[in-house]
Amino acid sequence: MAPQRNFLIVGGGLAGHMLSARLLQAGQRVAIADKVMEGAASPVAAGLFNVVNSRRPGKSWRADELVQEVNAFFQDSPWASLRRHAYFGPIFHPFRDERSREAWQQEAFNPEYEPYVELQDEPLHSDCISNPFGGLMVKQGGWVDVHSLIKDFNVLQQTHGLEVIHQLVETHDVDHDRKSLRLESGAEHKFDHIVYCQGWRGAENAVFPFLPVVPNKGEILKLSIPGLQLPFPVFKKVFLVPLGDETYICGSTYARDFASPAPTEEGKNEILSALQQLTPLPARVLSHVAGVRPSSHDWRPIVGTHPNMDHVHVFTGFGAHGVLLAPWLSLQLAGWLLEGRPLPPEIALSRFNARARKLFA
């Protein structure tokens, strides 16, 4: 077992809590510092996850490993009680056109895809869902109520020793040389390692000025759709996640250029317009939220250690796939921090070292 150290995690979203769980499991001392800000992605995330694209045959990056670790985390880990916040089951992807259908007809029984998909040649629920070309039932999918998950995750981790600091941490609050966080009370919190899990606000972190975090805003609606009783989520341009009682989560938009992280009328109308192509049934908006996802220029997570400070780390860039990525990525980062296991090069912060050298030269 690795020597016990003090870890400070800045950011209490899904990424921060997944990492703290790994560190607590390994016997480390962990504190999370966070205060929810407008635009935070985790509190409003739909939590949908799947690894197949219905438009053309293909699986997500590292699909097999990611699915395996999501299942392991919610079934076999000390945190398995959190499974009550998760739905594991099929997601129906109606084909958009005959070309998509024909492409998948040729590949659905390919051993690479067969564990993940089931071809639906005939329309499903055609009285309420538009799918004239049939569709793809993604078997290895699901969704997580991320907001409720994090609340219970935090409480559960505190029983395992997690310290919670209710404070928004700015760069000037941290003395990285002295390994100290100045608290609002005037006291200090000492640490051995600090990990920034700030989501899209990592783009403003002065410690990592070379970090190519790309804010990507998404808006989500909660809808009442009388007469629609789906047994599984559906995804065609927008997703519909059933909550019961003919109530659904529907989204999402994707905007890299935005004036505010707040919900907009434009975003609401975009979702409702796409929804009309999925179901003819009228929908009533119950609530409207928005969050900003942290993505990157190369669409890969950003994980690793500062090139000039070996006790300062970053964990971000999950985009719209936090539920799918966080369990596996937290395992990778914990292995690097505690055992020195190399990070996969496609996620490692070191891929941006050339940018860092130019800034720090």
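In the predicted model, strand β1 (residues 6–10) runs parallel to strand β13, and the two are joined by 4 bridges. Within this pairing, Val10 lies opposite Tyr196 of β13. Strand β13 also pairs with strand β20 (residues 312–316), again in the parallel sense, over 3 bridges. Here Tyr196 stands opposite Val314 of β20. The side chains of β13 (residues 193–196) are divided between two directions: His193 and Val195 point one way, while Ile194 and Tyr196 point the other way. All four of these residues are buried.

Ala31 belongs to strand β2 (residues 29–33). Its relative accessible area is 1%; this value is under 20%, so Ala31 counts as buried. Leaving aside residues up to four places away in sequence, Ala31 touches Phe7, Leu8, Ile9, Leu162, Glu163, Ile165 and His189. Gln158 is 127 residues from Ala31 in sequence, yet the C-alpha atoms of the two residues are 9.6 Å apart in space.

A pair of packed helices is described by the angle between their axes and the distance between those axes. Helix α2 (residues 63–75) packs against helix α6 (residues 322–339) at an angle of about 85 degrees, and their axes are 8 Å apart. Because this angle falls in the range of 65 to 115 degrees, α2 is roughly perpendicular to α6. On the α2 side, the contact is made by Glu65, Leu66, Val67, Glu69, Val70 and Phe73. Helix α6 contributes Val323, Leu324, Leu325, Pro327, Trp328 and Leu331. Of the residues in this contact of α2 with α6, 10 are nonpolar, none are polar and 2 are charged.

How values were computed: Residues numbered from 1 in each chain as written. Predicted model: local features only at pLDDT ≥ 70, side-chain atom pairs only at ≥ 80, totals over all residues. Heavy atoms only, no water. Buried < 20%, exposed > 50% of the residue type's maximum accessible area, 1.4 Å probe, protein only. Pairing = 2+ DSSP bridges. Contact = heavy atoms within 4.5 Å. Axes fitted to C-alpha atoms, helices over the stretch in contact; angles between N-to-C directions. Parallel < 35°, antiparallel > 145°, perpendicular 65-115°, else oblique. Nonpolar A, V, L, I, M, F, W, Y, C, P; charged D, E, K, R; others polar.
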